[in-house]
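Here is a short note to read alongside the model you asked about. Please keep the picture open while you go through the points.

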Amino acid sequence: MEVLKSILEKEKPFLVLIGHTTQGMDFAPRLSVRLRRPLIAGCVEYEKQADRLILTRQVFNAKMNMKTSPRGEPPYFATASPGAFPGDEVETGGSAAVMAFPVQLSGGSRRKLLERVEAPKGKADLTSAPIIVSGGRGLKQKRKLQPGF
């Protein structure tokens with residue numbers, strides 16, 4: 001966190017784009033708060049009009065799109081949903097400059113792993129199950145869950 005904060009304060013980018021993944025949504029809000037900059041999460045489209053950034057995100061369970069523009073000074077923070085930008089729009093060629101930044105790390109991590117808990121043995125791992133059958137109170141009777149009912 002401190003390393004990126006120092007780089008962003010020095011380089012002053014216009015936009016910091018982070019993947020809208022579990023790790024990205026853990027990291028992006030903390031970084032944007034640390035730098036006191038707005039974060040717009042789950043973006044599926046962007047456009048730039050002069051110096052104004054307009055980001056589109058889906059709302060109401062992806063039934064509507066909302067266009068929004070962050071206020072304040074850059075850098076702006078946004079997370080992009082996986083697959084939001086088609087691969088055919090990627091420009092090829094060119095070469096990105098690789099820059100080295102000397103950093104000073106102060107102290108250790110404030111996070112500490114207390115315990116790692118494994119799933120109990122003998123239980124079904126639903127992520128690898130080919131078929132999942134589920135029933136709720138609406139069935140009312142056990143026999144209604146039988147095949148061919």
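The numbered points below go from the whole chain down to single residues.

1. **Ground rules.** This is a predicted model, in which local features need pLDDT of at least 70 and side-chain atom pairs count only at pLDDT 80 or more, while totals for chains, interfaces and linings use all residues. Residues are numbered from 1 along each chain as its sequence is written, and side-chain values use heavy atoms, with hydrogens and water left out.

2. **The elements.** Two helices and five strands make up the elements of the protein chain. Here helices (H or I, at least four residues) and strands (E, at least two) are DSSP runs, numbered from the N terminus. Read from the N terminus, their order is α-β-α-β-β-β-β.

3. **Overall spread.** The protein chain is more spread out than a compact globule, because its radius of gyration is 23 Å, well over the 15 Å that the globule rule gives for 149 residues. That radius is taken over C-alpha atoms, and the rule is 2.2 Å times the number of residues to the power 0.38. Along the principal axes, the C-alpha atoms fill a box of roughly 65 × 40 × 35 Å.

4. Of the 149 residues in the protein chain, 19% are buried. Buried means under 20% relative accessible area, exposed over 50%, and partly exposed in between (1.4 Å probe, protein chains only). The accessible surface of the protein chain is about 12700 Å², and carbon and sulfur atoms hold 53% of that surface. These areas come from the Shrake-Rupley method with a 1.4 Å probe; for residues, only the protein chains shown count as cover.

5. **The cores.** Which residues form the largest nonpolar core? The seven are L8, V16, I18, A28, L31, L35 and F77. Two or more of these residues come from each of β1 (15-19) and α2 (22-34). A second, separate core has six residues, among them I40, C43, L53 and A78. Such a core is a set of buried Ala, Val, Leu, Ile, Met, Phe, Trp, Tyr and Cys residues joined through side-chain atoms within 4.5 Å.

6. **A closer look at I18.** Leaving aside residues up to four places away in sequence, I18 touches G24, F27, A28, F77, A78, T79 and A80. A contact means heavy atoms within 4.5 Å. Across the protein chain, 58% of the contacts with a separation of 6 or more are between residues 24 or more positions apart.

7. **Backbone points to check.** Most residues other than glycine have a negative phi, and most peptide bonds are trans. In the loop between β3 (52-59) and β4 you will find F60, whose phi is positive, near 50°. A62 lies in that loop between β3 and β4, and its phi is also positive, near 65°. F60 is exposed at 61% relative accessibility, whereas A62 is partly exposed at 47%. Please look as well at P74 and P75, which are joined by a cis peptide bond with omega about 10°. P75 sits in the loop between β4 (64-68) and β5.

8. Is E91 buried or exposed? With a relative accessible area of 75%, E91 is exposed. E91 belongs to the segment after β5 (76-80). The C-alpha atoms of E91 and M66 are 26 Å apart, and 25 residues separate the two along the chain.
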